[in-house]
Amino acid sequence: MTHSLHRRGSVEDLHEDYVLLFYSSKGINREGSEEKMKQFWHVLSHYEQDLVNFGNHHPNRSGGEPYNMEDLKKAKSQMNMAVFKDVEKLKACLQEIKERDFGISVVVSGLYGETKRICSEIGLAPHTVNLSLGIHGKKGKLPEENVLEIHTMCGHGVVPFNLILHMVQEIKAGKISCKEAAKKLSRLCDCGLFNTYRAEKILRKMTANK
Amino acid sequence: MRIDKEKCTGCELCHPYCPVGAIATVEWEGNSVSEIDQGECVECGTCFKRSGICPVDAIYMPKLEWPRSLREHFSNPNAEHPSTTTQGRGTEEMKSNDVTGRYSPGIAGVAVEMGRPGVGTSLRDAETVAMALAKVGVEFEEDNPVSILMADPKTGKFKEEVLGEKVLSLILEFKIENDRLERVLTRIREVSTQIDTVFSLDLINRVNPDGTIPVMAIAEKAGFSPRPNTKTNVGLGKPRFREV
């Protein structure tokens with residue numbers, strides 16, 4: 001899956017959007033990793049107030065609220081994910097993960113320049129990178145950029161363009177707040193990768209001149 | 001997905017929840033009710049359990065038979081692929097490259113994410129891209145669930161019975177030597193004008209010790225502008241893969 005790679009937005013906006021992925025590999029270090037995958041959440045709990053969202057590969061059906069961290073500490077998982085809006089908090093978390101020496105692969109999705117910098121500052125070196133070369137083909141089928149920025153926060157594509165536009169209408173009509181709309185959209189993202197903080201800001205921008 | 005017209009109240013709450021806009025209001029026995037266009041529906045389940053939006057539980061998923069069942073396997077992130085017995089539409093790609101060594105120095109990984117973002121793709125469009133890539137010598141990833149859709153991976157030809165299907169996304173995934181990459185990227189650019197959908201393009205590479213990325217210049221030469229945000233494996237996995 002490449003569900004955190006193609007997040008859209010300006011460099012300034014992407015400064016508030018980093019995904020941390022903790023991934024065990026089938027046939028190599030997945031077997032026997034159960035306790036390490038749980039321990040990951042013990043580390044993440046030190047940063048709970050700094051996290052925008054988090055989860056694992058099991059669906060979160062809690063109505064747009066983040067997973068319960070205590071439940072995740074007990075859950076079997078092969079992939080854990082968390083969204084940070086502050087790269088310095090991510091750096092501190094990454095350093096703690098490094099010190100715990102879990103031996104599980106860690107992937108950071110976000111601005112490469114910043115990722116490289118924080119790695120260097122804590123004694124890590126990027127090993128492999130996945131570059132996004134953008135969107136191609138019949139681009140006339142795509143909605144405006146603001147909608148794409150929200151939609152691509154769920155790389156599985158299950159936060160529909162039409163629902164984002166519907167939420168914009170609902171906000172403009174005074175039926176729902178930007179925060180509530182961001183939460184409703186987040187509910188559809190099973191993995192906990194949706195950045196509700198950024199989505200709320202984008203919705204506010206889209207509805208500023210109602 | 002289907003809507004039980006006996007139960008549907010025609011409230012239209014479900015309409016914006018369809019990623020491919022397949023739900024519309026129709027007249028049925030004197031009432032306005034919602035209906036799902038079966039040609040367009042990709043069986044992603046967003047209008048169903050993921051959203052839980054229907055107030056009268058009129059939306060349901062019937063048992064899907066092959067080849068329609070592939071729509072769910074490629075569109076619903078929670079569906080398990082029968083061929084790989086895992087969730088997801090691709091391989092572990094670079095997420096675990098520090099322990100798998102899937103991509104060695106000098107080798108690029110390419111993924112053409114057909115239908116993304118948010119548009120969906122017909123299998124016919126996916127075949128068009130796959131055949132164009134096969135002509136420049138690409139060998140598709142065997143562990144990717146797309147492999148079960150192909151009649152001949154050497155030509156990129158898909159099985160005839162799947163060509164009428166549509167999915168939210170599928171990934172054409174392969175590895176190629178860095179020195180053959182420019183030609184492949186150029187072919188991808190050319191074929192992008194021959195399809196009725198969009199795709200997002202991924203390019204994987206090992207990072208040099210100084211943090212530079214060898215394929216960056218090749219991508220730019222082929223006319224692509226890599227975005228500033230990436231996915232980066234930071235090398236914490238163990239046991240670390242060692243190149244011979």
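How many of the 210 residues of chain A count as buried, as a percentage? The share that counts as buried is 54%. Keep in mind that this is a predicted model.

Let's start with chain A. You'll find nine helices and five strands in it. Reading from the N terminus, the elements go α-β-α-β-α-β-α-β-α-β-α-α-α-α. Chain A has a radius of gyration of 17 Å, close to the 17 Å that the globule rule gives for 210 residues, so chain A is as compact as a globular protein of that length. Its C-alpha trace spans about 50 × 35 × 30 Å along the principal axes. If you look at contacts in chain A with a separation of 6 or more, 74% of them come from residues 24 or more positions apart.

Now for the place where the two chains meet. Chain A puts 61 residues into the contact, and chain B puts in 66. On the chain B side, the elements giving two or more residues are helix H1 (46–50), helix H3 (97–100) and strands E5 (107–114), E11 (198–206) and E12 (229–233). The largest share, nine residues, is E11(B)'s. Here is how the side of chain B that touches chain A splits by class:

| Class, side of chain B touching chain A | Residues |
|---|---|
| Nonpolar | 28 residues |
| Polar | 24 residues |

Chain B itself is assigned two domains, domain 1 (2–62) and domain 2 (81–221). Their C-alpha centres are 33 Å apart. Each of these domains of chain B gives five residues to the contact between them. On the domain 1 side, those residues are four nonpolar, no polar and one charged.

One more stop in chain B: helix H5 (residues 181–191). Which of its residues are buried? They are B:Leu181, B:Val184, B:Leu185, B:Ile188 and B:Val191. Why do they end up on the same side of H5(B)? Because they cover an arc of only 125° around the axis. In general, an α-helix has 3.6 residues a turn, so residues three or four places apart point the same way. As for their neighbours, the buried residues of H5(B) pack against E5, helix H4 (123–135), strand E10 (170–177), E11 and helix H6 (216–221) of chain B.

Methods. Residues numbered from 1 in each chain as written. Chains lettered and ligands numbered in written order. Predicted model: local features only at pLDDT ≥ 70, side-chain atom pairs only at ≥ 80, totals over all residues. Contact = placed C-beta atoms within 7 Å. Helix = DSSP H or I, 4+ residues; strand = E, 2+ residues; numbered from the N terminus. Nonpolar A, V, L, I, M, F, W, Y, C, P; charged D, E, K, R; others polar. Domains from an automatic or database assignment. Buried ≥ 20, exposed ≤ 12 C-beta atoms within 10 Å, placed from the backbone. Arc of directions from axis to C-beta. Rg over C-alpha atoms; globule rule 2.2 N^0.38 Å.
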